[in-house]
Amino acid sequence: MLSFFKNKSFSKISILLGISLTFLICSFLYDNFNIKNIQKENLKGFFNKKVVKDYDEFFEVKKVILNGRYKADKDLIKNIVNSSIYDNSNIFKYDALSVKNSLTELNWINKVNIRKIFPNQIIVNIKEHKEFAILKNKEKYFLLSDEGKTIYAIKNPQAYNLIYLEGKTVKKNIEQVKNFFTEHPELKRKTTKIVITPNNRWDIVANNILFKLPSKDFDEAITKIERFSNLEHLEMVDLRFYKKKIFIKVNEKKIAMKNKK
């Protein structure tokens, strides 16, 4: 009888110990499983951050090369070129189009080409305007490019050794002016001013003498200029009707001369 009770008590104790041990093992496994999951997530996050960091560092813009700048404001160019880098230094995200558009708004800059040299260089090639003439418009003076673009307003035109141009259609006729000087290089050295009238007629100041040219037979009239360009006290030569008469002005006196064929 006593043996039965002992066996029964031992069985209960064994069962309780078994249940307790099972609970402890499950609890240990559960805790360790959560820790491993947390560590796994942390490791994954760390790895992702490391990859992103290495990626950004590898493609970070570290060098900008500027070519073709001579007269444009260097500080303004730097600010514009670097503005996109300040926003994001990754070369893939460098906004070349926005930078290009901003640069072309600067006075001297005509054309811009931006190249990305991977992994971390940017080359900015600039083509500047070539100064060609001084445009006079309503007592104001502007520096004009060889493409007929206004570079900027100027206050002291005497500081420039350039020809003066006047007339509303000057910009449209800039190629004609350039061709005129190409075809008549001897007049290029002597001419200081060209006025283009609304009906596309030219007045030229050469050797301080005003030559009024016709709208027709322009090239033939040009050949007459040399005859008068070295005369003393001559102020004006009107060649508009040169086939019949040539009017000249000497010391404020107007003289009509018959054309000799």
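The model is a predicted one, so local features are taken only where pLDDT is at least 70 and side-chain atom pairs only at pLDDT 80 or more, while totals for chains, interfaces and linings use all residues. Residues are numbered from 1 along each chain as its sequence is written, and side-chain values use heavy atoms, with hydrogens and water left out.

Of its 261 residues, 32% count as buried, meaning under 20% relative accessible area, with exposed being over 50% and partly exposed in between (1.4 Å probe, protein chains only). Looking at contacts (heavy atoms within 4.5 Å) between residues at least 6 apart in sequence, 42% join residues at least 24 apart.

Helix α2 (residues 74-87) has 14 residues, which at 1.5 Å a residue should span 20 Å, and the 21 Å between its end C-alpha atoms agrees with that. The expected span here is 1.5 Å times one less than the number of residues. Still, α2 bends by about 30° at Val81, the bend being the angle between axes fitted to the seven residues ending there and the seven starting there. Val81 is also one of the buried residues of α2, along with Ile77, Ile80, Ser84 and Ile85. Their cover includes β1, α3 (96-103), β2 (109-117) and β3 (121-128). At the start of the helix, a side-chain oxygen of Asp73 comes within 3.0 Å of the backbone nitrogen of Asp75.

On the aromatic side, the whole structure holds nine pairs. Rings of Phe, Tyr and Trp (its six-membered ring) pair if their centres lie within 6.5 Å; planes under 30 degrees apart are stacked, over 60 edge-to-face and the rest tilted. Phe180 and Phe218 make an edge-to-face pair, 6.2 Å centre to centre with 65° between the planes. That pair links distant parts of the chain, from Phe180 in helix α4 (residues 174-183) to Phe218 in helix α6 (residues 218-222), 38 residues apart. Phe218 also pairs edge-to-face with Trp202, at 5.1 Å and 75°. Trp202 sits in strand β9 (residues 202-206) and Phe218 in α6, so this pair ties together parts 16 residues apart in sequence. Both Phe180 and Phe218 are buried, and Trp202 is buried too. Elsewhere, ring pairs join Phe58, Phe59, Phe92 and Phe118 into a cluster.

Lys62 lies in the loop between α1 (2-58) and β1 (63-67) and is exposed, at a relative accessible area of 58%. Leaving out residues up to four places away in sequence, Lys62 touches Glu57 and Asn120. Its C-alpha is 9.2 Å from that of Pro119, 57 residues away in sequence.

Asp238, in strand β11 (residues 234-238), is buried, with a relative accessible area of 6%. Its side chain makes a 2.7 Å polar contact with that of Arg240. Such a contact is a pair of N or O atoms within 3.5 Å; within protein, one must be able to donate a hydrogen and the other to accept it, and residues adjacent in sequence count only if both atoms are side-chain atoms. Beyond four places in sequence, Asp238 touches Lys212, Lys245, Ile246 and Phe247.

Key
Helices (H or I, at least four residues) and strands (E, at least two) are DSSP runs, numbered from the N terminus.
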